[in-house]
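This report describes a single protein chain for a reader who has not seen it before. The sequence and the structure come first, and the description follows.

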Amino acid sequence: QLQHGICWGLVPARAGSKSLALKNLAPLAGRPLLDYGVLAARQAGLERIVCSTDGPEIAARCRELGIAVDDRPAELAGDETPVFEVIAQWLEAVDRRQGAVPEMVALIQPTSPFILPAQIKATVALLRADPKAASAQTVIPCPHNHHAYNQRLVAGNQVSWRFPDERRAAYNKQRKPEHFLFGNLVVFRSREALDQGSVFAQPSLASPIPQAYGFDCDGPDDFRLGGLMLEGGLVALDHLGD
C-alpha cells in the first residue's frame, strides 16, 4: 500500500569507499559531508528522513542530526552494489514494518552537498503536480567540452570521434543540440520505481538548477575544490547557518 501524497527522504550512506575512507563523514569546509544533504532535506519539510547505512559512526552522526537510521544488510554494502537494490530492500522493510510505503521518495545523496532546500521542495512539487509522471530530477547544462558530440574514443594511441556524423553536422557550439547532465536530486514514485527497476522511472520530469549546485564530491580533490567553491561564493548554502 501507498501513503498517498507523502514524500520521505532517503540518504544512502555506506561506510566503505574506494576513493576515501569514511567519505561520508570526511570534512568539506570543516563540516562532515553527510551534513549538507541531511540539513537541506530537514529544512525542505520532508515528512521523514531516513539514512540507510552499515556504519556505526555514520548512524551516530545521523542521530545527532535528528534523522532516523535503517541498518543496511552487509550484503548490500559492497562497492558494486547498485543503489537501487538498497532502495528496494529499504522499501520492502518499511512495508513489512508499517504496512505501507511513502508514495514518493527523495534520494538525498551525500556526494551532492550543494543541494538546496528550495530545490528539494521544487522537485517534489513538480512530481506531485503531475500524476502521470513517475519521477522528477534536477538537471544542469552540459558544458560544451563534455558534449556527446565532442567525445572521443581512444584505441591504442589512435583517437577518433565517438559520434563522427553528428560531429560533422554540428561542429560548433551553436549547432549542437542542448544536452543536460544529472543535477543533485531525484524524486521518484515508489511503485513505479520498483516496477521499472530504476529511480529514474519514466516519464521523468526535468527541474533545472544552476550548474555549480550539481557539484559531485567523491574523491580527495573534490573536497578541496568544493571548499574553494564555498570560500569563493560560487554557491550559497544559507540553510547551514554559521
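## A buried phenylalanine

Phe188 has a relative accessible area of 0%, so it counts as buried. The model is a predicted one. Phe188 belongs to strand E10. Leaving aside residues up to four places away in sequence, Phe188 is in contact with Ile87, Glu103, Met104, Val105, Leu107, Leu127, Ala134, Ser135, Ala193 and Val199.

Gly78 lies 110 residues from Phe188 along the chain, and the C-alpha atoms of the two are 24 Å apart.

## The chain as a whole

The protein chain contains seven helices and eleven strands. Its radius of gyration is 19 Å, close to the 18 Å that the globule rule gives for 242 residues, so the chain is as compact as a globular protein of that length. Along the principal axes, the C-alpha atoms fill a box of roughly 55 × 40 × 35 Å.

Of the 242 residues in the protein chain, 48% are buried. Among the contacts in the chain with a separation of 6 or more, 73% are between residues 24 or more positions apart.

## The sheet

An open sheet is built from seven strands, and its order is E5-E4-E1-E6-E10-E7-E11, with mixed pairing. Strands E5 and E11 (204-208) are at the edges, each pairing on one side only. From one strand to the next, the twist averages 30°.

Strand E10 (residues 180-189), which holds Phe188, runs antiparallel to strand E7 (residues 135-141), and six bridges join the two. Within this part of the sheet, Gln137 has Val186 in E10 as its bridge partner. Helix H2 packs on the sheet, where it touches E4 and E5, and its direction makes about 165° with that of E4. Another helix, H4 (residues 117-128), lies across E1, strand E6 (101-107), E7, E10 and E11, and runs at about 60° to E10.

## Strand E4 and its neighbours

How many of the six residues of strand E4 are buried? Five of them are, and E4 (residues 48-53) is thus described as mostly covered. On one pairing, E4 and strand E1 (residues 2-12) are parallel over five bridges. Leu10 has Val50 in E4 as its bridge partner.

E4 also pairs in the parallel sense with strand E5 (residues 68-71), over four bridges. Here the bridge partner of Cys51 is Val69 in E5. From E4 the chain passes through helix H2 (residues 56-64) to E5, a β-α-β crossover that is right-handed.

## Cysteines

A disulfide is a covalent bond between the sulfur atoms of two cysteines. How many disulfides does a search of the whole structure find? The search finds zero. Cys62 is in no disulfide, and the nearest cysteine sulfur, that of Cys51, is 3.5 Å away. Cys62 counts as buried because its relative accessibility is 0%.

Cys217 is likewise in no disulfide, and its nearest cysteine sulfur, that of Cys51, is 17 Å away. Cys217 has a relative accessible area of 0% and is therefore buried.

Methods
Residues numbered from 1 in each chain as written. Predicted model: local features only at pLDDT ≥ 70, side-chain atom pairs only at ≥ 80, totals over all residues. Heavy atoms only, no water. Buried < 20%, exposed > 50% of the residue type's maximum accessible area, 1.4 Å probe, protein only. Pairing = 2+ DSSP bridges. Right-handed = clockwise from strand over helix to strand, strands pointing away. Axes fitted to C-alpha atoms, helices over the stretch in contact; angles between N-to-C directions. Contact = heavy atoms within 4.5 Å. Disulfide = S-S within 2.5 Å. Rg over C-alpha atoms; globule rule 2.2 N^0.38 Å.
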